[in-house]
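The following note sets out points for discussion on the model displayed below. Please read each point alongside the sequence and the coordinates.

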Amino acid sequence: QVIFAARRHSPLGPSPLSSNNIDEMMQAVLFMCALAVAFGDNLRSIATAEYPMKTVPTNQNSNLAMVSMVATVVCPFLAIGLMLYAKEKGWWGACGMISFLILVAWVYTAYISL
């Protein structure tokens, strides 16, 4: 015995997102993804062929790791001290602290852009 499913037809016509249209869209998306992967691998192989990396660059400043470890301990205590100092000054302390941080960021970016 064969059972036929009744199809519902909309009075406005077929839906633009019918299952056939969704299947075709998914196939197109899958095809585009496959093309992107294929061309991406091709471009990667071209870039490595032109500029092969012979040596691994190293950082000559070995003290940088120690400075960063010390900074992780010192910075929170310095920040708490700054906030307590700013709390005593009231509104002007908060304004001064924020202005100081903005000034430090501005001077740093000006210095590294030289």
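In which helix does Leu 78 lie? Leu 78 belongs to helix H2, residues 63-88.

1. Basis. This is a predicted model, in which local features need pLDDT of at least 70, side-chain atom pairs count only at pLDDT 80 or more, and totals for chains, interfaces and linings use all residues. Residues are numbered from 1 along each chain as its sequence is written, and side-chain values use heavy atoms, with hydrogens and water left out.

2. Overall content. The protein has three helices and zero strands, in the order α-α-α from the N terminus. Helices are DSSP runs of H or I with at least four residues, and strands are runs of E with at least two, numbered from the N terminus.

3. Of the 114 residues, 2% are buried. Buried means under 20% relative accessible area, exposed over 50%, and partly exposed in between (1.4 Å probe, protein chains only). Leu 78 is exposed, because its relative accessible area is 55%.

4. Geometry of H2. The 26 residues of H2 should span 38 Å at 1.5 Å a residue, and the end C-alpha atoms are 37 Å apart, which agrees. The expected span is 1.5 Å times one less than the number of residues. A kink of about 30° lies at Thr 72, shortly before Pro 76; the bend is the angle between axes fitted to the seven residues ending there and the seven starting there.

5. After H2. Gly 90 follows H2 and has a positive phi, near 75°.
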